[in-house]
Amino acid sequence: MEQICVVTTMVDARSVADVLAATAVAGRLAACARVGGQVDSTYWWKSAMETTAEWPVQFKTAPDRVAALVDQLRANHPYEVPEILVTRVESANPDYSAWLHEHTRP
């Protein structure tokens with residue numbers, strides 16, 4: 001069973017989330033991307049506590065495509081310090097894992 005990776009980020013506009021998702025999938029850096037609904041995030045920024053509406057984006061990709069996907073996200077992310085989290089998981093479904101690896105090949 002091949003590993004898969006989930007890369008997650010947050011952005012401050014649905015339109016930005018949609019562009020990041022479409023760009024990653026079109027470039028085969030991710031086999032799919034899921035844009036979630038609006039959430040409210042509370043965090044520290046420049047010595048002040050902030051609360052902002054954000055949209056999560058999850059990208060499903062192969063381990064060998066993670067570095068390129070993270071590079072693309074960092075280059076196109078609107079935040080000065082973007083949250084980009086990488087989780088390595090084993091797929092419970094070998095067919096899904098095979099599909100994911102097939103669709104992340106350039």
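Modeller: Start with threonine 61: at 0% relative accessibility it counts as buried, where buried means under 20% relative accessible area, exposed over 50% and partly exposed in between, with a 1.4 Å probe and protein chains only. This is a predicted model, so local features need pLDDT of at least 70, side-chain atom pairs count only at pLDDT 80 or more, and totals for chains, interfaces and linings use all residues. Residues are numbered from 1 along each chain as its sequence is written, and side-chain values use heavy atoms, with hydrogens and water left out.

Biologist: Where does threonine 61 lie?

Modeller: Threonine 61 lies in strand 4. Strands (E, at least two residues) and helices (H or I, at least four) are DSSP runs, numbered from the N terminus.

Biologist: What does the side chain of threonine 61 reach?

Modeller: The backbone oxygen of leucine 29, at 2.6 Å. That is a polar contact, meaning a pair of N or O atoms within 3.5 Å; within protein, one must be able to donate a hydrogen and the other to accept it, and residues adjacent in sequence count only if both atoms are side-chain atoms.

Biologist: And which residues does threonine 61 touch?

Modeller: Leaving out residues up to four places away in sequence, its contacts include Ile4, Val7, Leu29, Val66, Leu69 and Leu100. Contact means heavy atoms within 4.5 Å.

Biologist: Val66 and Leu69, then. Which residues of helix 2 are buried?

Modeller: In helix 2 the buried ones are Val66, Leu69, Val70, Gln72 and Leu73. Seen down the axis, they fall within an arc of 160 degrees, so they line one face of helix 2. The arc is that of the directions from the helix axis to the C-beta atoms.

Biologist: What is exposed on the other side of helix 2?

Modeller: Ala67, Asp71, Arg74 and Ala75. The buried residues of helix 2 pack against strand 1, helix 1 (14-26), strand 4 and strand 5.

Biologist: Now helix 3. Which of its residues are buried?

Modeller: Helix 3 covers residues 94-102, and its buried residues are Ser97, Leu100 and His101. They cover an arc of only 95 degrees around the axis, which puts them on the same side of helix 3. Strand 1 (3-11) and strand 4 (48-61) are included in what covers them. The face turned away from the buried side carries the exposed residues Asp95 and Glu102.

Biologist: What caps the N-terminal end of helix 3?

Modeller: Asparagine 93 does, with a side-chain oxygen 2.9 Å from the backbone nitrogen of aspartate 95.

Biologist: Switching to threonine 9. Is it buried or exposed?

Modeller: Threonine 9 is buried, with a relative accessible area of 0%. It lies in strand 1, and its side chain makes a polar contact with the side chain of histidine 77 at 2.9 Å. Among the residues threonine 9 touches, again not counting those up to four places away, are Leu20, Trp55, Phe59 and Glu83.

Biologist: How many residues apart are glutamate 83 and threonine 9 in sequence?

Modeller: They are 74 residues apart in sequence and 5.4 Å apart in space, C-alpha to C-alpha. Glutamate 83 lies in the loop between helix 2 (66-76) and strand 5 (84-90) and is partly exposed, with a relative accessible area of 35%.

Biologist: Last one: what is phi of lysine 46?

Modeller: Near 50 degrees, a positive value in a residue other than glycine. Most residues other than glycine have a negative phi. Lysine 46 is found in the loop between strand 3 and strand 4 and counts as exposed at 62% relative accessibility. Serine 47 lies in that loop too, and its phi is near 65 degrees.
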